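Let's take a walk through this structure together, starting at the surface and then heading inside. Have a look at it first.

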Amino acid sequence: MSDINAVPRTDKAAADDVRVGVYVCHCGGNISDVVDTAAVADALSHHPDVAIARDYVFMCSDPGQSLIVDDIKAGKINRVVVAACSPSLHELTFRKALERAGLNPYLYEHVNIREQTSWVHKGDHERATRKAIRLTAAGVEKVARQDPLESIAVDVVPHVVVIGGGIAGMSAAVALAERGIGVTLIEASDRLGGRVAELPSVYPTEQTGEDLIRELRDHLFVEPLIEVRLRSRVTAMEGHVGKFRLLVTDADGASAEVRAGAIILATGFDHYRPADGELGYGTSPSVMTLPEFLGVLRDGSLANGELRIGQKTVKSIAFIHCVGSRQIEGVHAPQADGKVNDYCSRVCCTATLHAIREVQRRCPDIAIYDLHKDIRTYGRGHEDLYLQASRDGALFFRYPDEEPPVVADRSGAAVVTTKDVLTWGEELEIPADLVVLATGMQPRDISDLIAMRKLPVGADRFLQEVHPKLRPVEMAVNGVVLAGACQGPVDIGEACAAAQTAAAKAAILLSKPVIELDPFVAHVQEDLCDGCELCLAECEYQGALTMVEVQNDGGSVRRARVNPALCAGCGACAAVCPPRAINVAGWTLDQFDAMVDAIVAEDVESLARSERRARSFAPLAVTIGEASR
Amino acid sequence: MDPENGRLQADVLVVGAGIAGLQASLDLADQGYSVALVERQPSIGGTMINLSKVFPTLDCASCITTPRMASAAHHPNIDLFTMTEVQAISRTDDGFEASLVKKPRFIEEDQCIGCRRCEEACSVFVPDEYDHGLGARKAISIPFTNAIPQYPVLDEEACMLCGACAKACPTQCINFVQEPRSIAVEAKAVIVTTCFDLTPMDAKKEYGGGIYPNVLSPLQMERLLAPHGPYGAVLRPSDGKTPDSIAYVQCAGSRDLSLGVPYCSRVCCMYAIKQAMLLSGSLPIADITIYYMDIRAFGKGYEQFYQNARAMGINFVKAKVARIREDEDHNLLLRIERQDTGEGPEEVQHDLVVLSLGMVPAWKPTPDGMIPLQADGDGFLRLPQSPLWPNLTTMDGVFAAGVATGPKDIVDAITDAGAAAMAAANYVERARRSAPALAGATR
């Protein structure tokens with residue numbers, strides 16, 4: 001592990017013997033058709049810190065990289081600037097070239113004169129060239145003040161904690177154990193299986209949910225690498241990627257510490273519970289939710305071609321979609337947090353049609369009415385459920401988004417009143433022996449866990465991923481991964497896919513004994529820190545910045561301290577620090593000052609007079625003039 | 001890799017380097033497994049690199065796909081084969097043997113520096129597949145700006161053999177007589193991530209797709225909307241006019257028994273809404289109408305995205321388009337019946353129409369095909385029924401991900417691919433445990 005508390009040395013005067021090599025890339029005409037690359041190299045060759053300045057057709061090609069490697073090996077240069085494309089393309093390429101030549105790879109600066117110059121200033125070669133010179137000069141100023149950084153090494157505990165013993169948590173645990181990774185699976189209730197275990201039948205195998213869970217459980221218990229802790233909760237969480245410490249407390253109040261390199265959150269969802277009186281729920285005996293109705297299908301009330309609820313034989317059922325989902329402000333009552341559930345719960349359309357098919361198969365005489373906004377049977381084979389339900393006589397009504405149906409109780413039976421878009425807005429009254437509300441999914445209340453790590457939560461209250469498109473199971477908290485419905489509504493197959501992807505991400509983190517983190521983290525210079533704590537308020541990363549007591553002249557003072565494994569290097573703390581005591585390694589305030597000075601320098605005089613500089617930059621400014629042909 | 005013999009040993013062979021294949025490869029390689037990644041196109045990146053922006057984040061597709069492509073291409077554990085097709089995959093005692101054929105680019109890849117001098121020198125223009133025929137490319141060209149790898153391909157059919165490219169090439173890397181090359185790969189597991197095709201433009205004759213110039217496919221519209229697109233603006237192909245009124249015909253290739261595509265293609269509602277949003281940004285005064293059956297905005301953040309589009313003034317009309325006609329100015333007349341007004345059938349005029357085509361598999365297994373897998377009635381790869389193992393196929397050791405097993409959007413394909421990587425990794429681990437001597441010998 002590098003000496004992470006060392007203060008970065010950013011004062012250029014203190015760094016002895018700065019010899020920068022500058023390489024200006026033509027990018028095969030991409031740059032050199034607009035920017036006079038030879039003039040850029042020539043201008044920079046007069047910079048006092050530049051030992052060599054060259055231009056070349058393709059710096060990224062093997063011969064281009066060899067120029068750099070050879071110059072380093074010959075001892076001509078000890079820092080490198082390449083002026084070329086975007087750093088996202090080739091910064092890493094050139095850092096590796098430095099490494100191959102035996103130089104610290106962070107003594108490198110990548111200046112973008114393609115996207116930021118040649119591609120956007122095609123019509124003005126002279127000013128494009130001047131801009132390229134300024135940007136490259138800024139790069140030289142930055143790299144001249146650059147420290148030889150080292151990546152932060154974190155030892156990895158080869159163990160994963162999975163929080164939540166539903167289908168996603170079980171699936172992730174099984175996948176990791178097969179991979180040879182030890183898992184502690186923590187479940188709050190006294191059984192595994194979560195919501196899936198409650199399902200009477202599962203599309204498309206028509207197994208019971210219990211059977212499906214049993215199949216996974218059989219894998220789980222033959223794996224010696226999995227430790228299951230039922231009736232247990234995580235009561236404290238500390239540490240960082242590679243080395244988390246969790247306190248797990250069981251129902252008897254006994255606590256144990258579990259260490260893990262990664263954490264998978266699989267805390268699941270709650271069914272939406274309609275408010276009292278919402279669509280007759282709780283006020284009419286004939287109204288129940290879809291999960292309650294599935295319980296009825298499971299408990300044997302539906303037998304011998306007859307569905308009996310209480311003393312009543314059910315002859316007609318109305319299913320109402322989007323209860324607790326796709327809610328609209330002003331139409332639906334807000335939830336406890338003052339917001340409506342404006343999201344789609346994804347699974348309820350298919351789940352409703354699956355239940356309808358079950359009724360049609362077992363009680364073909366029951367009349368089925370389906371009231372929806374849109375039918376969203378998106379999954380593979382799901383559309384068939386819709387088609388078959390329709391063919392077997394289910395009647396579909398489409399209610400306007402802003403005008404949900406109304407359910408009234410009329411002498412023991414329900415009457416659903418709705419407007420039907422499919423018949424040009426006709427008002428209908430549908431008497432139904434039973435009304436089933438297709439309730440959506442809501443995130444479980446895991447505010448305690450969220451508070452422990454400041455876990456990111458979306459506007460929909462579900463846990464939030466780093467990037468909803470490209471990195472769907474990773475969280476901004478490094479080492480914490482998402483699986484299943486804690487992140488948003490998913491069906492069983494999707495939950496298992498997410499869980500196994502989460503397992504892959506955890507396995508990647510644990511695949512090496514040491515995780516190397518970027519060195520670009522904040523550093524506090526304790527002798528400058530005055531303990532004002534402004535930085536604490538800005539830090540978004542729990543535990544990255546703390547106040548510690550430090551002995552000073554016999555007394556004790558409070559000073560900010562950074563945990564480099566938790567710091568993301570965002571710089572929010574550095575920006576607010578009044579005495580400039582905080583710097584982000586590789587991006588120090590002095591470096592920024594020097595870069596800005598180089599970019600805005602108007603002429604010889606202003607560069608030469610710059611107070612932070614020890615010597616004159618006259619040759620540079622002269623060549624800027626020369627370059628503007 | 002032993003280049004002399006054209007043989008390679010890898011833990012996992014991944015077929016297809018679209019976003020699913022890239023993700024599966026990276027999730028394996030980052031765990032330390034070696035991967036052979038095979039792509040039949042000249043560049044990796046699949047359909048995603050071809051898109052303008054992605055829903056619901058409206059990220060630039062190029063900007064977020066290119067880093068993934070670069071990571072896979074430069075990964076020390078990934079051997080990448082582009083312009084390479086799988087001829088056959090067969091079982092061996094301890095895994096699979098695949099025979100691949102690398103088609104000629106007519107370029108010596110190890111000498112090419114990607115400078116594009118050949119492309120500039122070439123005088124033959126042909127329609128550009130990447131721009132779906134809306135633009136042109138040269139007979140020798142790098143397929144698109146951010147293609148990986150950055151090697152040109154010489155189009156055998158279009159080339160006049162004038163030699164201008166060879167004269168312009170600074171490294172003399174053009175080889176007009178390059179032959180296909182055979183490569184054999186031994187692997188312990190296989191992941192199939194083959195891609196999709198859109199349903200044909202002319203599948204529904206009554207819509208005039210492929211005949212009327214101003215009826216576009218959704219991927220053509222993606223190119224028009226892309227910042228580096230063929231026209232640099234959204235223009236009508238027939239006359240180059242800026243369209244004032246644009247219509248989307250939903251389910252123009254899905255949920256349609258007459259097409260043999262009864263299923264929902266999952267992505268068309270969202271790409272139509274996304275394109276409508278982008279259009280209202282680039283053509284602020286244009287009217288945009290989406291004719292739909294159901295709006296299926298089911299993914300995370302999608303419903304909110306849909307509601308934003310409605311709030312932005314995009315017209316959503318619940319109506320099935322029966323027929324499209326063209327007038328003498330190539331304007332389009334759509335025969336529809338609105339279900340909200342009850343005024344009966346009417347004909348509505350639009351300047352430009354996009355048919356929201358559906359997804360069909362680009363590769364279907366056949367009994368004598370490259371690998372003895374089975375397809376379902378919908379043409380996509382058959383999965384065992386249990387939802388517990390979403391990536392198993394009908395063949396032990398062969399896994400599938402992405403649109404190979406049915407239509408999916410990008411995020412669902414990425415999640416699916418990670419799961420396939422985990423399943424394949426565990427299969428390799430089991431193989432090692434059960435045959436330690438053999439595993440030791442091959443590593």
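A:Ile599 is partly exposed, with a relative accessible area of 36%; that label covers everything between buried (under 20% relative accessible area) and exposed (over 50%), using a 1.4 Å probe and protein chains only. You'll find A:Ile599 in helix α15 (residues 589–600) of chain A. Helices (H or I, at least four residues) and strands (E, at least two) are DSSP runs, numbered from the N terminus. Together with A:Val596 and A:Val600, A:Ile599 makes a nonpolar surface patch with about 240 Å² of accessible area.

A quick word on ground rules: this is a predicted model, where local features need pLDDT of at least 70 and side-chain atom pairs count only at pLDDT 80 or more, while totals for chains, interfaces and linings use all residues. Residues are numbered from 1 along each chain as its sequence is written, chains are lettered from A and ligands numbered from 1 in the order in which they are written, and side-chain values use heavy atoms, leaving out hydrogens and water.

Now for the rings. Over all chains there are 15 aromatic pairs, counting rings of Phe, Tyr and Trp (its six-membered ring) with centres within 6.5 Å; planes under 30 degrees apart are stacked, over 60 edge-to-face, and the rest tilted. Take A:Phe293 and A:Phe319: their ring centres are 5.7 Å apart and their planes at 80°, so this pair is edge-to-face. A:Phe293 sits in helix α8 (residues 290–298) of chain A and A:Phe319 in strand β18 (residues 316–323) of chain A, so the pair ties together parts 26 residues apart in sequence. A:Phe293 is buried, at 0% relative accessibility, and A:Phe319 is buried with a relative accessible area of 0%.

Over in chain B, B:Tyr130 and B:Phe144 are stacked, 4.3 Å centre to centre with 10° between the planes. B:Tyr130 is in the loop between β8 (125–127) and β9 (136–138) of chain B, and B:Phe144 is in the loop between β10 (140–141) and β11 (153–154) of chain B, 14 residues apart.

Some rings gather in a group: A:Tyr378, B:Phe55, B:Phe298 and B:Tyr302 form one aromatic cluster. A:Lys469 lies over the face of B:Phe55, 3.9 Å from the ring centre (a charge sits over a ring if NZ of Lys or CZ of Arg is within 6 Å of the ring centre and within 35 degrees of the ring normal).

Finally, how enclosed is strand β16 (residues 287–292) of chain B? Five of its six residues are buried, so β16 is largely enclosed by the rest of the structure.

Methods: Patch = residues over 30% accessible without salt bridge, like charges linked within 9 Å, V, L, I, M, F, W, Y side chains within 5 Å. Areas by Shrake-Rupley, 256 points an atom, 1.4 Å probe, with all protein chains shown as cover. Salt bridge = Lys/Arg side-chain N within 4 Å of Asp/Glu carboxyl O.
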